[in-house]
Amino acid sequence: QTNSSWGGRFSEPTDAFVARYTASVDFDQRLYAHDIQGSIAHAKMLTKVGVLTQAECDDILRGLEEVRIEIERGDFKWSIELEDVHMNIEAALTAKIGITGKKLHTGRSRNDQVATDIRLYLRDEIDNIGTELTRLQEGLVGLAAAHSDTIMPGFTHLQTAQPVTFGHHILAWNEMLERDYDRLLDVRKRLNHLPLGAAALAGTTYPIDRHYTAELLGFTAPTENSLDSVSDRDFAIEFTAAGAIIMMHMSRFSEELVLWASAQFQFIHLPDRFCTGSSIMPQKKNPDVPELVRGKSGRVYGHLMSLLTLMKSQPLAYNKDNQEDKEPLFDTVDTLRDSIRAFADMAPYLEPNKPSMYEAARRGFSTATDLADYVVVKGIPFRDAHEIVGKAVAYGIETGKDLSEMTLEELQKFSDQITADVFDVLTLEGSVAARDHIGGTAPKQVIAAAKRASERLSKR
Ligand code: ARG
C-alpha cells in the first residue's frame, strides 16, 4: 500500500520512520484555519473560471466547514501517514463529500498552498501582536503622563548623570515600541501578496484568476513570479528580525525593572501578582516576569538565526527544507505575543517609589552640569566651568555634601561668579524644568509628549 496522495509511481510504502521524520502535521496543524480559508477562496476562484461547477463548490465549502468544526471540537483525527495539515484536511474533505473533494487541488500544489497559509497566518498574528503592543504602549503613556514631574536620576554608564523625570524615562520605552509597531506594519505590507497560483513552481495550465483569489483573501495583489512565490520565506525572516528587535527592547525594560525592584535601588514596586517567591528564602519576591522576558529574547534571536541559515544557499524553487520554517516562526509568534501581553498587563501598575528615586538623584551630584551651565552664563568658558565644578564635586565627596547643600560662601570658593541665584539651578526641580524643548525632560515637555504619543496611538 503506497501513499494515497502521491504513491502512484512508488513500488513500496514509505519506511515507517521516514514517514514520521518527514511529517509536519504535529506542528503545522496550527495552520488549519488558514488552510481552510485559502481552500475556500481557491474553490470559489475555480468555480468562477468554470473549472468547478457551483454544485461542486457548494459541496467543498460545506465539507470544509464540517472539517473546521471537527478540528475545533477536538474530534479530528490527525494522521502522520497524511504528512501535513494540507493532506489531512483534503483527505477528511474527500471522506465527507466523496470524489469532488479530490478536485479541490486542481491547479494548486502544496508548495503554493503552504506559502499562502503561512502568509495568512502571519498576517493575523501580526495584527494580534499589534493589538498587544498598542495596549502596552497605552499603559506606558498613561504611566508617563501620571509621572511627568516624578524625579529620578538619569544614568549613563549606570552612574548617576543628570536628573530626569520618570515620565520621560518611560516615554523613551514607548518610542522604541512605536518604531517596533511600524516595523511590523512594514513586514505586513510586504507579505501581503498572494502566492497561490504559482502551483508547484511554474504556474498552472488552468485558466485561473489570481486577482480574484487575492481579492477574496484580502491580499494587495498576486505575486509576480511563480518560482519566487513558492520559495520566498523572507517575510518570515523579516518578521522574526522585527520580533528580535522587540525582544531586545523588552529585555532592556526588563533589565531596568529587575534593577529598580532590587533592595539596592528601591525605585519601583512591582505588584505581587507579577512576581513569585522562593521556596527556601522566605523574604524573597522575585521579578519573574521581567526576568523571563529578558531570558526569552534569546530564543527569538535563535529563531532569526535558524531561519536565515535555513534559507541560505537554497536553490530555486521549493525545497523540503522550507518545512523547517514553521517551528521557529510559531515559537517567535508565541513568545512575542505572550511577552508583550505580560508587560501590557503589568505596565499600568508599575509604582515608582518617589522618595527613593528623588533621594538617589540628589545623592549623585546630578546637578553638576547645571552648575557648569550656570557659570558659563556668567561669562566663564565651558571647559573652565567644567574644572570649577569638578573641584566643587571633589569637595562635596570629601565633606559628604551635595552641591545644593553647600553654602554660598563654600560655592564661591570655586568661583567668584557664583551668586545667590545659583540655588535655583541646583535643585532637581530646577534642573529638569530647564530642559524645556521638544524631546527634553521638563515636566511640561513630558506632558506634551505623552499627549502626542496618545494621539498617535488613538489613530491606529
Ligand atoms: N509540509 C510542507 C511544508 O511545510 C508542504 C509542502 C510540501 N510540498 C511537497 N512537495 N513536499 O513545506
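Into which domains is the protein chain divided? In this predicted model, the assignment gives domain 1 (19-106), domain 2 (111-145 + 156-206 + 218-358) and domain 3 (364-458). The centres of domain 2 and domain 3, taken over C-alpha atoms, are separated by 38 Å. Their contact draws 17 residues from domain 2 and 16 residues from domain 3. On the side of domain 2 that touches domain 3, at least two residues each come from H6, strand E2 (159-165) and helix H7 (166-191). That side has eight nonpolar, eight polar and one charged residues.

The record, an unreviewed entry, places "domain: Fumarate lyase N-terminal" at residues 8-302. This span is 61% helix and 6% strand. Its end C-alpha atoms lie 40 Å apart. The annotation "domain: Argininosuccinate lyase C-terminal", also from an unreviewed UniProt entry, covers residues 365-433. Here the end C-alpha atoms lie 17 Å apart, and the span is 64% helix and 0% strand.

Two packed helices are described by the angle between their axes and the distance between the axes.

Helix H6 (residues 110-146) packs against helix H19 (residues 443-458) at an angle of about 160°, and the axes are 9 Å apart. An angle over 145 degrees counts as roughly antiparallel, so H6 is roughly antiparallel to H19. The crossing of H6 past H19 is left-handed. From H6, the contact uses Thr134, Gln137, Glu138, Val141, Ala144 and Ala145. H19 answers with Val446, Ile447, Ala450, Ala453, Ser454 and Leu457. By class, the contact of H6 with H19 holds eight nonpolar, three polar and one charged residues.

H7 pairs with helix H10 (residues 234-260). Their axes come within 9 Å and cross at roughly 170°. H7 is therefore roughly antiparallel to H10. On the H7 side, the contact residues are Trp173, Met176, Leu177, Asp180, Arg183, Leu184, Val187, Arg190 and Leu191. On the H10 side, they are Phe235, Glu238, Phe239, Ala242, Ile245, Ile246, His249 and Phe253. The contact of H7 with H10 has twelve nonpolar, one polar and four charged residues.

H11 passes H12 in a left-handed crossing. Val289, Val293, Lys296, Arg299, Val300, His303, Ser306 and Leu307 of H11 meet residues of H12. The H12 partners are Pro328, Asp331, Thr332, Thr335, Ser339, Ala342, Phe343 and Met346. Eight nonpolar, five polar and three charged residues make up the contact of H11 with H12.

Backbone geometry was then inspected. Most residues other than glycine have a negative phi, and most peptide bonds are trans. Where does the chain contain a cis peptide bond? Such a bond joins leucine 316 and alanine 317, with omega at about 0°. Histidine 157, a residue other than glycine, has a positive phi near 55°. Histidine 157 lies in the loop that runs between strand E1 (151-156) and E2.

Note on methods. Residues are numbered from 1 along each chain as its sequence is written. This is a predicted model: local features need pLDDT of at least 70, side-chain atom pairs count only at pLDDT 80 or more; totals for chains, interfaces and linings use all residues. Axes are lines fitted to C-alpha atoms, for helices over the stretch in contact, and angles run from 0 to 180 degrees between N-to-C directions. Helices (H or I, at least four residues) and strands (E, at least two) are DSSP runs, numbered from the N terminus. Angles under 35 degrees count as roughly parallel, over 145 as roughly antiparallel, 65 to 115 as roughly perpendicular and the rest as oblique. A crossing is left-handed if the near helix is turned anticlockwise from the far one by less than a right angle, and right-handed if clockwise. Two residues are in contact if their C-beta atoms, placed from the backbone, lie within 7 Å. Ala, Val, Leu, Ile, Met, Phe, Trp, Tyr, Cys and Pro count as nonpolar, Asp, Glu, Lys and Arg as charged, and the others, Gly among them, as polar. Domain bounds come from an automatic or database domain assignment. UniProt positions are given in the numbering used here, feature names are shortened, and annotations may be inferred rather than shown by experiment.
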